[in-house]
Amino acid sequence: MSNVSMINYTTRDFVSKTELELFISKQDQIYTPEVVNEFTKAGMLRRVVTQIWNREGAFRVGIIFEYKDQKSYEKCQVLIEK
């Protein structure tokens with residue numbers, strides 16, 4: 001069992017399947033092991049990007065961030081802004 005005490009869930013919509021696929025394909029380039037390590041040091045426990053398939057013609061992802069606590073969330077927000 002993890003020590004998650006804060007979860008941030010965001011959805012992001014795209015105007016086309018191509019844009020959605022581009023966003024998904026760029027995730028490994030943006031969140032490199034070094035970047036993920038910085039987030040982990042700041043208190044992020046897990047990050048998941050999911051494609052949402054529940055509506056035909058919609059191009060949407062869900063992004064889940066799990067944090068140890070409020071301080072971890074705040075530290076990671078600074079990193080996201082970078």
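Strands S2 and S3 pair in the antiparallel sense over 8 bridges, where two strands count as paired if DSSP finds at least two bridges between them. Strands here are DSSP runs of E with at least two residues, helices are runs of H or I with at least four, and both are numbered from the N terminus. Within this pairing, Val-49 has Ile-63 in S3 as its bridge partner. The hairpin of S2 and S3 has 6 residues between the strands, and Gly-57 takes a positive phi near 85° there.

The model is predicted, so local features need pLDDT of at least 70 and side-chain atom pairs count only at pLDDT 80 or more, while totals for chains, interfaces and linings use all residues. Residues are numbered from 1 along each chain as its sequence is written, and side-chain values use heavy atoms, without hydrogens and water.

On to the other pairing of S3. Strand S1 runs antiparallel to S3 (residues 59-67), joined by 9 bridges. Arg-12 stands opposite Val-61 in S3, and Phe-14 has Phe-59 as its bridge partner in S3. Together the 3 strands form an open sheet in the order S1-S3-S2, with antiparallel pairing. Because S1 (6-14) and S2 (44-52) each have a single partner strand, they stand at the edges, and one side of each is left without a neighbour in the sheet. From one strand to the next, the twist averages 15°.

Two helices lie across S1, S2 and S3: H1 (residues 17-30) and H3 (residues 70-81). H1 runs at about 30° to S3, and H3 at about 130°. These angles, on a scale from 0 to 180 degrees, are taken between N-to-C directions of axes, which are lines fitted to C-alpha atoms, for helices over the stretch in contact (heavy atoms within 4.5 Å).
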